[in-house]
Amino acid sequence: MSIGAGYVLSREISRDAPHIGEIGQGKVARKALPAPQADLPIGEPAEQDATGHPDGHEPAVLLATKLHVPHISDRLVTRSALVNALEQGVSGKLTLLSAPAGWGKTTLLAQWLAGRDRVAWLGLDRADNDPARFWSYVIAALHHSEPALSARALDLLEMGADMCKVVLPTLLNEVDLLDDAIVLILDDYHLVTNRAVHDQMAFMIERMPTNLRLVLASRSDPALPLARLRAGADLRELRTNEH
Ligand SMILES: Nc1ncnc2c1ncn2[C@@H]1O[C@H](COP(=O)(O)OP(=O)(O)OP(=O)(O)O)[C@@H](O)[C@H]1O
Ligand SMILES: [Mg+2]
């Protein structure tokens with residue numbers, strides 16, 4: 001499937017990738033950039049035109065705040081058993097943290113990640129059902145965590161390259177070349193309902209290099225091939241009955 005992207009990285013995300021677009025340093029970005037107030041609204045579905053571009057053909061700015069591990073108080077109760085389970089789970093490909101609203105998923109993840117290096121965090125919202133937007137954010141999150149990653153995958157995404165044939169293989173090849181492991185956390189994955197995004201995620205999970213680990217926090221089981229991953233011992237599940 002061919003998609004067009006039209007997303008640009010904000011100054012903070014692109015700080016170590018000048019070729020992405022040095023927006024905040026007085027230099028001209030590669031694309032015509034909208035004014036900062038043209039950021040996509042958070043929490044609302046993006047209007048899409050026939051090409052899948054949210055908001056017509058205007059490029060949108062990615063919000064750096066979606067890439068930050070949420071700040072939590074250090075006075076919260078530490079759920080040590082669950083923190084340990086997350087640490088062990090991340091030795092497998094995919095860890096699924098599935099629990100209802102308000103259970104403490106985001107808090108638990110933030111507690112686990114405190115002090116950990118090479119964490120790529122992405123807090124999803126409903127607007128991320130647009131595949132171009134979703135993958136722009138995933139690539140930005142990985143880049144934010146590991147500046148050594150080249151921006152080639154994002155370039156290809158912007159050019160409208162095929163996701164499963166070009167963009168994701170390029171991204172995974174780049175991750176594979178890294179010396180260190182990266183944990184990619186997608187919080188609120190239940191907000192993803194677009195079948196195309198799930199299919200692309202399944203494609204990525206199946207082909208992830210061993211130095212990339214994925215953690216999904218969701219209020220419900222995602223439409224991913226969980227049975228297959230379970231059978232292959234690639235899935236670690238943390239659910240509400242584990243306290
Ligand atoms: N270990 C803890 N000790 C004390 N309070 C906690 C703890 N974990 C979570 N909470 C509180 O519970 C509330 C909900 O937590 P959190 O946002 O992490 O839940 P969630 O499962 O991520 O919810 P949602 O599905 O809506 O994203 C927050 O106010 C948080 O401060
Ligand atoms: Mg949460």
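Predicted model: local features only at pLDDT ≥ 70, side-chain atom pairs only at ≥ 80, totals over all residues.
Close-up 1. Axes here are lines fitted to C-alpha atoms, for helices over the stretch in contact, and angles run from 0 to 180 degrees between N-to-C directions. Helix H1 covers residues 80-89 and helix H2 residues 105-113; they pack at an angle of about 70°, and their axes are 10 Å apart. Angles of 65 to 115 degrees count as roughly perpendicular, and H1 and H2 are therefore roughly perpendicular to each other. The crossing in which H1 passes H2 is right-handed.

**Close-up 2. Residues in the contact of H1 with H2.** H1 contributes Leu-82, Val-83, Leu-86 and Glu-87, while H2 contributes Leu-108, Gln-111 and Trp-112. Five of the residues in this contact are nonpolar, one is polar and one is charged.

**Close-up 3. Surroundings of ligand 1.** Ligand 1 is surrounded by 13 residues, of which Leu-76, Gly-104, Lys-105, Thr-106 and Thr-107 are the closest. The shell around ligand 1 consists of five nonpolar, four polar and four charged residues.

**Close-up 4. The open sheet of five strands.** The strands follow the order S4-S5-S6-S3-S7 and their pairing is parallel. Strand S4 (119-123) and strand S7 (235-239) are the edge strands, each pairing on one side only. From one strand to the next, the twist averages 15°.

**Close-up 5. Strands S3 and S7.** Strand S3, residues 94-98, runs parallel to S7 and is joined to S7 by five bridges. Opposite Ser-98 stands Arg-239 in S7.

**Close-up 6. Helix H3 on the strands.** Helix H3 (residues 131-145) lies across S4 and strand S5 (182-187). Relative to S4, H3 runs at about 145°.

Technical notes. Residues numbered from 1 in each chain as written. Chains lettered and ligands numbered in written order. Helix = DSSP H or I, 4+ residues; strand = E, 2+ residues; numbered from the N terminus. Parallel < 35°, antiparallel > 145°, perpendicular 65-115°, else oblique. Left-handed = near helix turned anticlockwise from the far one by under 90°. Contact = placed C-beta atoms within 7 Å. Nonpolar A, V, L, I, M, F, W, Y, C, P; charged D, E, K, R; others polar. Near = placed C-beta within 6 Å. Pairing = 2+ DSSP bridges.
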